[in-house]
Amino acid sequence: MYNNPAVPAAAGAGSGTLAMTGAGDVFWFALAAFALLALGLAVKRILPVRGAKS
């Protein structure tokens with residue numbers, strides 16, 4: 001597994017090819033949207049919720 005250079009080479013070639021096709025932009029936008037969504041959910045979970053005043 002660690003001595004086989006074909007797997008990392010294939011991963012590098014695949015990511016480089018994806019960037020050259022223009023389809024990589026969609027991937028990065030989707031990844032950025034997911035990261036922003038995850039950040040928002042994490043902040044929402046961390047912040048205390050104000051209780052209802054009655």
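The protein chain has two helices and zero strands, helices (H or I) being DSSP runs of at least four residues and strands (E) of at least two, numbered from the N terminus. This is a predicted model in which local features need pLDDT of at least 70 and side-chain atom pairs pLDDT 80 or more, while totals for chains, interfaces and linings use all residues. Residues are numbered from 1 along each chain as its sequence is written, and side-chain values use heavy atoms, without hydrogens and water.

**Exercise 1.** Determine the geometry of the one aromatic pair in the structure.

*Solution.* Rings of Phe, Tyr and Trp (its six-membered ring) pair if their centres lie within 6.5 Å. The ring centres of F27 and W28 are 5.0 Å apart. Next, compare the planes: under 30 degrees is stacked, over 60 edge-to-face, and the rest tilted. The planes stand at 70°, so the pair is edge-to-face.

**Exercise 2.** Describe the surface of the chain by its accessible area (Shrake-Rupley method, 1.4 Å probe; for residues, only the protein chains shown count as cover).

*Solution.* The chain exposes about 5100 Å². Carbon and sulfur atoms supply 72% of that area.
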